[in-house]
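Subject: Structure handover

Hello,

Here is the structure we talked about. Please open it first, then read my notes below.

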Amino acid sequence: MPDDIHVHYMKMALSLACKGIGNVSPNPMVGAVLVKRDKILSSGFHAHYGQSHAEVRAIEAAKESVKGATLYCTLEPCVHSDKQTPPCAQRLVCEGIGKVVIASIDPNPKVKGKGIALLRQSGIEVVYGVLAAENEELNRFYFKYMSRNLPYVTLKIAQTIDGKIAAQKGSQTWITSVRSRQLVHRLRAEYDSVLVGSNTIRIDNPVLTVHKKNGRNPIRIIIDGKLKLNPTYNVFQNTGSARTVLMAAVAKSNKTRIEIFKNQGCQVMQLAASPAGWIPMKTILKKLAAEKITSVLVEGGQHIFSQFIRHDLVDELKVFIAPQIWGHGVPSIVIEPLYKIRQWHLHAQQNIMGDLLLEYRR
């Protein structure tokens with residue numbers, strides 16, 4: 001069946017797209033396979049932001065003419081020229097590609113439907129919607145960023161069975177296993193940024209980077225509304241290994257301290273605060289989107305978790321549950337006033353050396 005053939009080759013293209021995880025943002029992960037007379041000519045994937053797109057890499061990897069070939073591509077070929085690489089749809093036309101099979105239409109308004117229209121106008125047969133759900137799952141950061149102009153937000157919480165993240169306020173407590181903590185490093189490498197509040201910096205004094213073998217370092221976002229953190233904390237002393245952004249409320253009196261952090265290599269963003277002195281989380285996300293940050297892994301603490309949940313800004317929850325019950329301590333989330341209950345869907349679960357990782361989606 002033709003549909004089965006399309007699924008077969010699109011699965012290959014999706015597998016290739018995965019190789020771009022953590023390296024192509026704010027672009028999507030894309031894979032492509034060129035087929036001619038039931039034979040795979042070549043394949044390609046988008047490896048790094050600013051480098052050739054998957055379609056072009058597949059064309060340039062072919063050892064014979066691609067004229068009349070079928071291209072399987074996980075995302076609609078681009079048509080806009082205001083970027084670092086030439087438009088792919090026009091390249092396909094010039095190469096004489098006979099048919100293009102696509103997983104998803106690109107949600108980018110500069111592309112959405114235009115790539116398909118150009119191909120069809122040029123006489124190229126186009127099929128789309130093959131494994132679209134799988135591609136949109138893989139590129140969920142990109143799809144949200146393009147459709148809502150906000151980064152995708154995941155809360156990563158490590159807690160006990162009874163929902164505690166620390167034994168007492170102001171204390172650091174290792175809750176989950178070594179294997180779970182290693183997994184968190186891999187997660188960080190997949191996200192554009194990792195975000196914490198000032199209390200997490202004071203208590204845990206983290207570096208918020210990734211073990212070298214696990215990939216790139218995320219941008220480290222620290223929320224410190226009143227700019228009271230000490231620049232000697234680890235996250236400010238290791239600015240050479242990762243970009244660090246400190247978000248503070250607008251205040252003229254902060255000028256001297258801002259210069260101190262800038263001299264440490266830290267970027268300071270000043271945002272308007274609420275009457276209570278807090279920077280609204282939605283304001284922070286909009287600013288990050290303006291910086292082309294498409295995904296945020298929120299790692300704490302209680303106040304930050306609670307604000308994101310309360311204001312309905314979370315797309316995904318990754319809850320690591322250690323096999324412990326304390327009966328006392330700091331709860332992971334506290335919401336006042338009464339929170340409007342929202343239903344979450346259990347997307348996946350995993351046992352990690354006795355810890356249970358529960359992944360929830362909206």
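Start at Tyr9: it is buried, with a relative accessible area of 10%. Buried means under 20% relative accessible area, exposed over 50%, and partly exposed in between (1.4 Å probe, protein chains only). Tyr72 is also buried, at 4% relative accessibility.

Some ground rules. This is a predicted model, so local features need pLDDT of at least 70 and side-chain atom pairs count only at pLDDT 80 or more, while totals for chains, interfaces and linings use all residues. Residues are numbered from 1 along each chain as its sequence is written, and side-chain values use heavy atoms, with hydrogens and water left out.

Aromatic pairs

The whole structure holds 5 aromatic pairs. Rings of Phe, Tyr and Trp (its six-membered ring) pair if their centres lie within 6.5 Å; planes under 30 degrees apart are stacked, over 60 edge-to-face, the rest tilted. Tyr9 and Tyr72 form a tilted pair, 5.1 Å centre to centre with 40° between the planes. Tyr9 sits in helix H1 (residues 2–17) and Tyr72 in strand E3 (residues 70–75), so the pair ties together parts 63 residues apart in sequence. Helices (H or I, at least four residues) and strands (E, at least two) are DSSP runs, numbered from the N terminus. Ring pairs also link Phe141, Tyr152 and Tyr191 into a cluster.

Helix packing

The axes of H2 (residues 54–61) and H3 (residues 88–95) come within 9 Å and cross at roughly 30°. Axes are lines fitted to C-alpha atoms, for helices over the stretch in contact; angles run from 0 to 180 degrees between N-to-C directions. That makes H2 roughly parallel to H3 (under 35 degrees; over 145 is roughly antiparallel, 65 to 115 roughly perpendicular, the rest oblique). Glu55, Val56, Ile59 and Glu60 of H2 make the contact with Cys88, Arg91, Leu92 and Glu95 of H3. Contact means heavy atoms within 4.5 Å.

H3 also packs against H4 (residues 114–121), at an angle of about 15° with the axes 9 Å apart. H3 is thus roughly parallel to H4. Here Ala89, Gln90, Leu92 and Val93 in H3 meet Gly115, Leu118 and Leu119 in H4.

Helix H12

How many of the 9 residues of H12 (residues 302–310) are buried? The count is 7, so H12 is mostly covered. Among them are Phe305, Phe308 and Ile309. Just after H12, Asp312 takes a positive phi of about 60°.

Best wishes
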